[in-house]
Amino acid sequence: MEAAMGLMRRMPPKHIETALSALLSLLPQHSSDLLSQVDQPLQVLCDVDSGKEFILCEYNRDADSYRSPWSNKYHPPLEDGSLPSPDLRKLEIEANDVFTIYRDQYYEGGISSVYMWEDDNEGFVACFLIKKDGSKMGHGRRGYLQEGAWDAIHVIEVGPVEEGTAHYRLTSTVMLSLTTNNDASGMFNLSGSIRREMNMDLPIQEGHLCNMGRMIEEMEGKLRNSLDQVYFGKTKEMVCTLRPPSEVVMRLPET
Amino acid sequence: MVRENNLLVDRCFDCMVIISSFAELGKNEFLDPRTAQVAIIDHVKQVCTEERPATDEELPSPYVEEFRYALDAEILKYIGEAYPKGVCSVYCGNGKDVEGPGADFELVVVICASRHSPQNFCFLPLNLPVSNSTSINLEHSSFLDTILVDMDSNGSWRSVWNIEFKDDIQVVDLNGKLQVGAHYFEEGNVQLDAKHECKDSTIIQAAEDSAISVASIIRHHETEYLASLEASYSNLPDTTFKDLRRKLPVTRTLFPWHNTMQFSLTRDISKELGIGK
């Protein structure tokens, strides 16, 4: 299992799905571990009641059905599907509403879903999901991308409130792929994923949603920045190592 | 031995063989046109087991060889200047038995440069010295000194240029396929995959002059392509990447989490007034 995870960490991102299905057939005894630990592109369903789309993940799944955050109903219908408590559902509804606006302001499109459930130690867990198709066929405002996908998964474990403070543990994953294609420069694709964790103890007078939202906003900013500055930068560095830009080559004979 | 899709570079004995379909003579035999040697490869162990001189039938005619040899020399010069760890081969793709002017033939230039970090042998276990003969060469081989530079990353640049000498119209048609990949996976996993095709042409001249103009066309296109890759990168932060997620919200200020009630209120009002969603 450790070797399998090591392999998946090093696998080129666009082969993740193929590699995962290969590992599943090699290690059927670890299939649930593999499926829960390897991040895959997010899938979407349409809520029949509200007509809105919602995102599928392990956290809104029960048997083979997925709960919509809009209607609180399972798709396909499932009797006795587990539901959050009424109080938590109230927070979930509010989180979905506010997160929709947050998503619109940062993503100018896309789909978001928030799921919450009680955990075993008097706290709760919330999962914030965003899926954006940034291609010119999708929600790409500027039309630069032939293909563009951003999937963000934020899972926050919220501890019990003690003396007006709660502990928040956020684990965020972003998977992305972007492709530009034109006659002058051909096909150019960058894809990948990163995952980071953030822990904070915060006073709750402004509410859980406010705390969770700020953490997610900060984290998304950091992840976007790392991808842009570090990860894309490293692949560019590699290209320039393979074939240094001409100025560098000109300097070589002198040294 | 470095595997890159269908291009595999093997340092065996004292020559370097690019193992590609262009070099393939039989199922285990690959020609190194520069040394006129044939490497016999064990595909399972992925090592070069034996080497023999190529037979006359396996080599191009003296006429074609003159063009091939001249181009190889020019490409070698170019590779030496442009790719610090590059290797190249020039094969005869078609018409290797053409004896003189009056018929068409085709040369194929294969250029590859790659870097692999030693920590990632799980993908490239065959970079390790496998047999005595390869290990001797590997000690002198250049890729080991990249160890400290690129820890968790791999990369490769490959170009394949089909160069058709069309005798009837006295034109050389060039068709290039360039492919660049880079993979960085330290605390994350990000990959570049880029492809480009280009065409150009020139007139047929004597072998050496043809070689000079073909090599300069290749150099020109590959330099332009590198510049366009750099442009793609520099467009990322403010244009391309913005279509996935903006750095700041459309309001240009951080999201007002402390004041989200305003949204529900505005939404309620717009709902009642029948505007918006």
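Arg141(A) and Glu108(A) pair up through their side chains in a salt bridge, 3.7 Å from N to O. Arg141(A) sits in the loop between β7 (124-133) and β8 (147-158) of chain A, while Glu108(A) sits in the loop between α4 (86-107) and β6 (111-118), so the pair ties together parts that are 33 residues apart in sequence. Keep in mind that this is a predicted model.

**More on that pair**
- Arg141(A) is exposed, at 58% relative accessible area.
- Glu108(A), on the other hand, is buried, with a relative accessible area of 9%.

**Where the chains meet**
- On the chain B side, 66 residues are in contact with 71 residues of chain A.
- Together the two chains bury about 6500 Å², and 63% of that is on carbon and sulfur atoms.
- Leu244(B), Arg245(B) and Trp257(B) supply 15% of the area that chain B buries against chain A, more than any other three residues.
- The rule finds 4 salt bridges across this interface.
- It also finds 28 residue pairs in polar contact there, both residues at pLDDT 80 or more.
- Several elements of chain B each give at least two residues to the side that touches chain A, including α1 (62-82), β8 (105-116) and α4 (261-273).
- The largest share of that side, 14 residues, comes from α3(B).
- Sorted by class, the side of chain B that touches chain A has 30 nonpolar, 20 polar and 16 charged residues.

**Other salt bridges**
- Over all chains, the structure holds 25 salt bridges.
- In chain B, the side chains of Glu29(B) and Arg52(B) form one, at 3.0 Å from N to O.
- Glu29(B) is in strand β4 (residues 29-32) and Arg52(B) in strand β6 (residues 47-53), so this pair ties together parts that are 23 residues apart in sequence.
- Glu29(B) is partly exposed, with 23% relative accessible area.
- Lys96(B) and Asp97(B) also meet in a salt bridge, 3.5 Å from N to O.
- Of these, Lys96(B) is partly exposed at 25%, whereas Asp97(B) counts as exposed at 53%.

**Chain A overall**
- Chain A has 6 helices and 10 strands.
- It has 255 residues, 51% of which count as buried.

Technical notes:
Residues are numbered from 1 along each chain as its sequence is written. Chains are lettered from A and ligands numbered from 1 in the order in which they are written. This is a predicted model: local features need pLDDT of at least 70, side-chain atom pairs count only at pLDDT 80 or more; totals for chains, interfaces and linings use all residues. Side-chain values use heavy atoms; hydrogens and water are left out. Helices (H or I, at least four residues) and strands (E, at least two) are DSSP runs, numbered from the N terminus. Buried means under 20% relative accessible area, exposed over 50%, partly exposed in between (1.4 Å probe, protein chains only). Contact means heavy atoms within 4.5 Å. Buried area is the accessible area (1.4 Å probe) that two parts lose on being put together, summed over both. A polar contact is a pair of N or O atoms within 3.5 Å; within protein, one must be able to donate a hydrogen and the other to accept it, and residues adjacent in sequence count only if both atoms are side-chain atoms. Ala, Val, Leu, Ile, Met, Phe, Trp, Tyr, Cys and Pro count as nonpolar, Asp, Glu, Lys and Arg as charged, and the others, Gly among them, as polar.
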